[in-house]
Amino acid sequence: MPIQPDLLFAHAFPQARHNYTKRDTILYALGVGLGCDPDDLPYLLEDRLRALPTFAVTLGSPGMWIRAPQFGVDYAKLVHYEQAAHFHTALPPEGEIVSSARVVSVADRGEGRGAVVVVEREIRDAAIGTNYCTLQQTLLLRGNGGFGGSPPPREASVIPEREPDAQAAFEIDPRAALIYRLSGDWNPLHADPAAAKAGGFDRPILHGLASYAAAGLAVSRACDLSPEQVTSLKCRFTGVVFPGDTLALRVWREEQRAIFQGFVGERKVLDQGVVGFGALR
């Protein structure tokens, strides 16, 4: 069955409620690689705890909704292509949120090139409605191109042609995926060697959203800024990162933002990265 864009647009996502504790906030910080520097302690100690802005991407997930057969999606060929987030207000270290999601676009890259679906999700305080974060998850459906839809908009590369202004290295802990999965992504691809081999990898891979968060941390510090000053973060996933890898970031500084690419050795694993800076309310 071909992809059903009308059903994707019409899908009514149930509102999700998510109660999280200081323990969850600390586990997330450990999962994205904090804990090796005294400057990390505000994200790890409960008596002074602050939540990393990117913790919001783990909250109120709609789950595996797109696997439902009525959508016609070839789920085995689906990949998380891009992630973007705008952080409006600082997330408390513990609390309860509600999330609402909707499909905002379905585009056709052509036969054999896949379809692109963008899902937007808002994270709000369950009691007073404060908007903490707006997320956009871009999914590439590699097996669903050629359905006759409009093509995605052409976007110019944000990567400057000059040499980078700074470089940063982020060491991925060999246990990172085993810790990060405790924030809610239980896919065995990230933990079980047998599942990883079935997926075409020789060992478990790191979650894309863990490398996304690690990049935000490394880039903000390369710009001499705190992770809490990150007001937006976007990047494209172009390769896998393994636990134990060194993620090398090339950083271009601009006014109130930084552009970045991420590499493991010669492999480009993150591209079109943009970190916005400011002060969260």
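In what order do the 10 strands of the open sheet lie? The order is β1-β3-β4-β5-β2-β7-β10-β9-β8-β6, and the pairing is antiparallel. The edge strands are β1 (16-20) and β6 (166-171), each of which pairs on one side only. Neighbouring strands of the sheet are turned against each other by 25 degrees on average, direction ignored. This is a predicted model.

**Overall build**

The secondary structure of the protein chain comes to 5 helices and 10 strands. Its radius of gyration is 18 Å, close to the 19 Å that the globule rule gives for 281 residues, so the chain is as compact as a globular protein of that length. Other whole-chain values are tabulated here.

| Property of the protein chain | Value |
|---|---|
| Box filled by the C-alpha atoms, along the principal axes | roughly 55 × 45 × 45 Å |
| Buried residues, share of the 281 residues | 48% |
| Accessible surface | about 13700 Å² |
| Part of that surface on carbon and sulfur atoms | 50% |

Contacts reach across the sequence. Among those with a separation of 6 or more, residues 24 or more positions apart account for 73%.

**Inside the sheet**

Strands of a sheet pair through backbone hydrogen bonds, and the pairing can be parallel or antiparallel. Strand β7 (residues 230-237) and strand β10 (residues 267-277) run antiparallel. They are joined by 6 bridges. Here L233 stands opposite V275 in β10.

**A helix across the strands**

Which strands does helix α5 lie across? Helix α5 (residues 208-222) lies across β2 (78-87), β6, β7, β8 (246-254), β9 (257-264) and β10. Relative to β7, helix α5 runs at about 130 degrees.

**A loop residue: N144**

N144 lies in the loop between β5 (131-141) and β6. Is N144 buried or exposed? Its relative accessible area is 7%. The cut-off for buried is under 20%, so N144 counts as buried.

What does the side chain of N144 reach? The side chain of N144 reaches the backbone oxygen of G72, at 2.9 Å. Leaving aside neighbours within four places in sequence, N144 is in contact with I3, G72, V73, D74, G114 and A115.

**In brief**

The predicted model has an open sheet of 10 strands with antiparallel pairing. Helix α5 lies across several of these strands, including β7 and β10. In the loop between β5 and β6, N144 is buried and its side chain reaches the backbone oxygen of G72.

Key. Residues numbered from 1 in each chain as written. Predicted model: local features only at pLDDT ≥ 70, side-chain atom pairs only at ≥ 80, totals over all residues. Heavy atoms only, no water. Pairing = 2+ DSSP bridges. Helix = DSSP H or I, 4+ residues; strand = E, 2+ residues; numbered from the N terminus. Axes fitted to C-alpha atoms, helices over the stretch in contact; angles between N-to-C directions. Contact = heavy atoms within 4.5 Å. Rg over C-alpha atoms; globule rule 2.2 N^0.38 Å. Buried < 20%, exposed > 50% of the residue type's maximum accessible area, 1.4 Å probe, protein only. Areas by Shrake-Rupley, 256 points an atom, 1.4 Å probe, with all protein chains shown as cover. Polar contact = N/O pair within 3.5 Å; in protein donor to acceptor, adjacent residues only side chain to side chain.
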